[in-house]
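Please examine the sequence and the structure shown below. The explanation then turns to the domains and to the ligand.

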Amino acid sequence: MIRFFENYDLQPHNTFGVDVKAKYFFEFTESEDLDVFLQSNQTWEKEKILLLGEGSNILFRSDFDGLIIHPNIPGSQIVNEDRQNVWLEVGSGENWDEFVRYCVDCEFGGVENLAFIPGTVGAAPVQNIGAYGQEVHNVIEKVKGYDLNKRQLVEYSNEECQFSYRNSIFKSRLKNQFVILSVVFRLDKFPEFELGYKKLEEKVNEHGEVNLQNIKQAVIDIRSEKLPDVNVIGSAGSFFKNPIVDIEAAKKIEGVFKEMPAFPASEGKVKLAAGWLIDKAGWKGYREGDLGVHEKQALVIVNYGNATGTDIYNLSEKIKQSVFEKFGVELEREVNCV
Ligand code: EPU
């Protein structure tokens, strides 16, 4: 199925709930549709292009003057299986959380800690979603899609995806060029559980036995306690990445704030908690009209109603500046701002 619109309302297509429009909007449900659409009208080559899933990691600062491509490919099937693993190919339009629940119900391990993350399956590899010690790159076998420059179908192996913390080739070199159509996951029939995150372990224990169902439920409990429900309050989850800094820079801050959370990163580097830095800079629970910083997680900027994309962006600039002034740490946005 193909749907095509002009001057299209994007408010239902971004979880910040920002009221903006797209010049053109194209949605399709079959892999072949995209090529047919693009071949049928060469004028698309001149348009700016933006690829959009469920819009849960994007901030529109203004109307989008170009073509939005929204892949909405459904379905999932087992493509391979052995004693230990099962390989599932899933359409990029499937909802991520429903996919996680399906895996947990089938007792396939590897994504249970990633329950309740908003967005589509196709968007998951783009920013290499992660939570509570799991990152999606650990279970991705390959990513299949359509290259808009080459005008052909291409597959990327896990290694070729160049995954790193909240990043991949699809967010860097191939940004808005590679339309993900499906993802092949390698899941585990006898998983090792990831309970390194202390709060998660405690919550799982409250539910009883350590198993996939209880881990999934514990993650849902923790996330719904701390993060706003995007169906009620506009947000895009963590607005900034956790900054990775030199050990010396971290030590300098620790000299003043002994309680600062810090995690080992690559050689000579430390990962700091952006939420903690923003919180300590005094922003947690900040509110100015319809705009604010979430009261339980300072890493999340919220739209309580009619904040504009520009308002949200400007607040993020102020936060960046104040964290830099207080700690000398440069925050990088995790949300895609257009
Ligand atoms: N903290 C504060 N104040 C705050 C927020 C956090 O002091 O307002 C402290 C916490 O007490 C903790 C540390 O900062 O010691 C880290 O906080 P938390 O464990 O809540 O996780 P996070 O680093 O803020 C990251 C991800 C989340 C993911 C959680 C759990 C990023 C950018 N964010 O948040 O992902 O759910 O870990 O693994 O890596 C997302 O990407 O949208 C997202 C929600």
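The paragraphs below treat the domains, then the surroundings of the ligand.

This is a predicted model, in which local features need pLDDT of at least 70 and side-chain atom pairs count only at pLDDT 80 or more, whereas totals for chains, interfaces and linings use all residues. Residues are numbered from 1 along each chain as its sequence is written, and side-chain values use heavy atoms, with hydrogens and water left out.

The chain is assigned domain 1 (2-71), domain 2 (76-188) and domain 3 (234-337), with bounds that come from an automatic or database domain assignment. The centres of domain 1 and domain 3, taken over C-alpha atoms, are 30 Å apart. Their contact takes 10 residues from domain 1 and 16 residues from domain 3, where contact means heavy atoms within 4.5 Å. Between them, domain 1 and domain 3 bury about 1100 Å², with 54% of it on carbon and sulfur atoms; buried area is the accessible area (1.4 Å probe) that two parts lose on being put together, summed over both. Of the area that domain 1 buries against domain 3, Phe16, Leu59 and Arg61 supply 58%, more than any other three residues.

Around the ligand there are 23 residues, of which Tyr132, Tyr165, Tyr197, Lys226 and Asp279 come nearest; a residue is near if one of its heavy atoms lies within 4 Å of the molecule. The shell draws at least three residues from each of domain 2 (76-188) and domain 3 (234-337). H6 gives the most to this shell, with 3 residues; helices are DSSP runs (H or I, at least four residues), numbered from the N terminus.

A polar backbone atom of Tyr132 is 2.7 Å from a ligand oxygen, and a polar side-chain atom of Tyr197 lies 2.2 Å from a ligand oxygen. For Glu334, an N or O atom in the side chain is 3.2 Å from an oxygen atom of the ligand.

Conventions. Polar contact = N/O pair within 3.5 Å; in protein donor to acceptor, adjacent residues only side chain to side chain. Helix = DSSP H or I, 4+ residues; strand = E, 2+ residues; numbered from the N terminus.
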